[in-house]
Amino acid sequence: MSELAKGVRWTTSHLRLLLDQATRYAGPSRTSWKGYRGVSSVSGSPRMSSNSPSDANAPRKLSGAAVSEFVKNAHLNEADPKVKVNRAMRSYLERAQAHNMFMKQQQQDFEICRRHLANMMGEDVETFSQEDIDDSIRYLLPSNLFSRRSRPLMKPPQEVFPQEKEAQFGIDGRPFRSLFYTGLPNYYQVLYDAANWTRQLDDLEDERVRKGKVPPEKQIDLTGTAWKSKDEMSKMLLEKISDHDYRRFVLTMERLLRHPYAYRVEEFIKKYRQVLIAETKDLAPPVPKKDDSGKSYAESHATKKSCHAWVTLKQGTGKYDINGQDLLFFPRVQDRTQVMFPLQFLNKLYDFDVIARAEFGGNSSKAQAIREGISRCLTAFVTSEELELMRQAGLLTHDKRVKERKKYAYTGARSKPQWRKR
Amino acid sequence: MRSSVSWLRLRNTLTGLTKIHVSTSSRRWIFSSGCAYQQAQPNSQNPVFFDHRPAQLSVTPLVDTSVPAHLPVVNAKRTTITRPREHTLDHEGFYYCVPPEQSDVIYGMSPNSGAFDMRHRTLQNLRFQWELAKESAIMIRKPALEVMEYVKNTNFAHPVVRYVIYGREGSGRTCTLTHLLHFFKDEGFILLHVPKISIWSRRYKEVQESKFKPGRIDLPLDSVEWLQHFLLQNGEHLRQPNTKLVTHKTYVWSKREETPAGSPLSDIIDVGIKRARYANDCIGVLVEELKRIVSESDHRVAVVMDVANALFTPTTIPQVDKTTVPADRLSLFLHFRKTLKNDWKNGVVVTTIDRKGIVDLPLRFDGGGNQFPRYLLREEGWAVMDPFIPVLVNDYSDKELTNCIDYNIETRWLQHVNAGTQKGRDELKVVSQNNPETLRKLMSRL
C-alpha cells in the first residue's frame, strides 16, 4: 500500500505543487485546468493560430514526477482538512504512486540483472547494450518454442509493462474536457481536430475564391509513408481502437489530405504517418567468387518446409545440375517452371549454369527452395533496378510457412475423425 | 484440361486457354483453339471433327488459308526425299513424309488394316500426331542415319548384326525405329516387327496353357494380332506366286489338321489367324522357317523389336500359386528370343531397350539406375545379345528442337500466343530440357 492510503492529509500547498508539476508536464499550451479547451476558436481567423490544437492534445501519461514530488512532501506537512479531494482523484493518485514505485523497482532490478549478466558473459558492464543482452539470453536459455512471444526475454521495464493514462479529471472529480464521456477522448480529439482543420481550410478556400485566387500547386510529400496502423495508433493514443474506429480515422484523414490547401496542415498530417522501411536495403547479396577458370559464381542456401537447398549459380550457358540430373529431375512441369522462373524473369536463361543440391522434403519443396536459392545468388549479379523488380515479384521473400503439427486425438492438424452417431 | 497457373504472379507465357478438348465418349477430336467460332463454323477448309475413318494422308504439307491473326506463319524444314536410303546428315532435323501407300502397310494406322488394337496401343502418340496433321511426318535424326549407314555397308554373308538402340526416356528410340522400319521396307526386307514386347508381359489379353509343351504359357489373342500385323507388313512377299517362302516339313496341328511340307508360309499364318489355339505355335514355326529359308535364299529379314529387354524380365501374368510367370515360360518370348541369336544370315536385328516398360522389381526400385545396355539387358539378355552395336539416341539438338516447334506451329498443334516468340521457345526449351517426349507432353496442352 502506498503512503497515500495510510490517511495522509492533503494541504493546499501540496496540491498547488502537484498542479504546477502536472502543468509543466503537459506542456506550455495548457494555461489552466478549468480553462482547458481542446481546440482554439473555430470561428476565428482562418490563418494558423499559434496555439495549435495538436499541441494541446498530446495523450497524457501518468505524471510520475508530479506524484512522487507530492508524496515526498506529503508526510512533511500537516494535513489540511479544508481541501476536499475527490475520491476518484485520490484513487488515481494511489494508482499512480503504486505504478511509479513498481516501475522504479523494476528499473533497479533490470539494471542489477544487466550488470550480473554482463559479468557472467565476461563483458564490460558499462558498454553492455540491449543487443548484447538479447544475444546472451539466446545463448544461455536456448528455446525452441514455436511462438516467439513464449521465448525467454529480458527487456527494460518500459517496454514490458504498458504505459498508463494520466488522470482525465481534476481534484474535484470533474473531467477536463467533454470528450471524456465518449470513452475514447484521445481518439475523438484526433477526429475532431481533423474535421476542424477541414472546415477551417474550407473557409480559407472560400475566402480565396472570393478574392479570385487559385490554390498553389503545393503538395505534401508523402512518398514512402503510410497511415499509422491500428496498433500504432492504439499505442500512441493509449486507447483501444476498433477496426471501425480506425476506418473512420483513415477516411477523415484522407478527406483532409485531398483538400487543395492541405499543405497548410502538413505538420498535423505527418504526425499520423509512419515511414515505410525500404526492404531491399536490408538484403545482403552473396559475394561473387571466381573459380579456377575465371568464371564468377555465387553460392547460397535456402529452405522451404523441411527441404534444404544449396545452390551455386555460375556464369555459363543455361545448364542445370540438380542432384546430378538436369531439370528433368523434377517430373512435374510446375516444379521445373518454378526453378526456371527467376532466370526467365530477368531474361538471363542462358547466362548462368545452376548447380543445386536439394535434400529432404518433396518435389515441390525442393523446387521452391532451389528457386529461392537461385534468386539469392542472382542478387550478386544484378543491378539495383532488377533487384527491386525481383523483390516486387516476390522472389526474394522467404516462404516461412511450415507444416502445422498434428494434434492429439485429431487425424491431422485440424481435421477431426469422422463422427458417427451411436 | 489444365487450369491457369496461379503460383507465378508475373508469368505471361505458357499459360492460356485450353486448345483442344477431347471428348472421350464419342472419341472425336474437337478443335476449339480457344475461340468458339471455329466450332460454330465448320467448313471444308477448316476441319472440325475427326473420326476413326482412314486418315487422308498426303505428302504435301497442310495448307490452310484461314490462319488466325495471332498465329505466326512458320514453315518447318522438310525434305521431299521419301526414300530413307537417300537421307544423309545434311537432312538431320528435317521432316519427311512417308508416302501414304507405304505408311498404311508399314504402320497400318487405319482401323481397317488389321491388328489395329496392338498398333493402337503401341504407337498411339505418333498415330494421333499423324492423324491430326494428315501426314505421316518423321524427323530425320542421327541414330537412324547411323544404323542405315551400317546396314548399307553390311556383308550379309556373315551372321546377323545386332543393334541395340538406347537412350534416356523420351529421347526418341521408338521414333528411330519407325524411320528404320520405313528404310527396311523400302529396301525390300521382310519385316519381323514387334511394336512393343512389354505389352505381352503387362497388357496381355488371354492366357492359356500350351498344348505343344506343357508348362509353357500361350497368349492366343495377342499372337493372332501379331500374325495379322506380320501379314499386313509382308503381304507382298508372302502372297507372291512361286514364292520361295515355303515350309520344309509337315506340321501336324491336330489329328485332322496339318500343313504339308512345301506349302507357303502364308498357310501357316492363315492357320494361326483362323485357329487362335495354334497361333503361338505358328509364330514359332514362322520364326524357325524364316531363319532357315533366309539363310539360304536371297530374301532378307529385318527383326525390329521395341523394348527387347522385356524378353528377359518376368511378366505380370498371375499363376495359381500367386507368383507370376517367369520370362522363360512365355512361349512368345521364347520364340522371339530365337530371332535375337546370331545363328542365321541375311538379316539384321534392331532392338531398343527401355527401363520403364519392363516388369522387374529390382529395376523399378533402383533409385534411377541407368539406361545402359549392360544394366538393362542384365545377365541373361547380355548372354544372348553380345556382341552387338550400341546406338545412342540423344535428346534434341537446338536445331531439331526449333524445327519440331516450327512443325507443331505449322500444323497448328501449338496455338499459344507466345508459341512463336523467342521467349516462348526459350521456355519450351528449358522446361523440356530438349527431351522430345517431354516437349510433346508440354505442347499437347498448349
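Mentor: In chain A, the axes of helix α11 (residues 333-345) and helix α12 (residues 363-378) come within 8 Å and cross at roughly 5 degrees; axes here are lines fitted to C-alpha atoms, for helices over the stretch in contact, and angles run from 0 to 180 degrees between N-to-C directions. α11(A) and α12(A) are therefore roughly parallel, a term for angles under 35 degrees. Helices are DSSP runs of H or I with at least four residues, numbered from the N terminus. Contact means heavy atoms within 4.5 Å: A:D335, A:Q338, A:V339, A:P342 and A:L343 of α11(A) meet residues of α12(A) including A:N363, A:A367, A:R371, A:I374 and A:L378.

This is a predicted model, in which local features need pLDDT of at least 70 and side-chain atom pairs count only at pLDDT 80 or more, while totals for chains, interfaces and linings use all residues. Residues are numbered from 1 along each chain as its sequence is written, chains are lettered from A in the order in which they are written, and side-chain values use heavy atoms, without hydrogens and water.

In chain B, 14 of the 18 residues of α11(B) (residues 279-296) are buried, that is, under 20% relative accessible area with a 1.4 Å probe, protein chains only.

Turning to cysteines, A:C307 is buried at 0% relative accessibility, and B:C404 is buried at 6%. The sulfur of B:C404 lies 9.7 Å from the closest cysteine sulfur, in B:C175, too far for a bond. With a disulfide defined as a pair of cysteine sulfur atoms within 2.5 Å, the count over all chains is zero.

Definitions and conventions. Buried < 20%, exposed > 50% of the residue type's maximum accessible area, 1.4 Å probe, protein only. Helix = DSSP H or I, 4+ residues; strand = E, 2+ residues; numbered from the N terminus. Expected span 1.5 Å × (residues − 1). Parallel < 35°, antiparallel > 145°, perpendicular 65-115°, else oblique.
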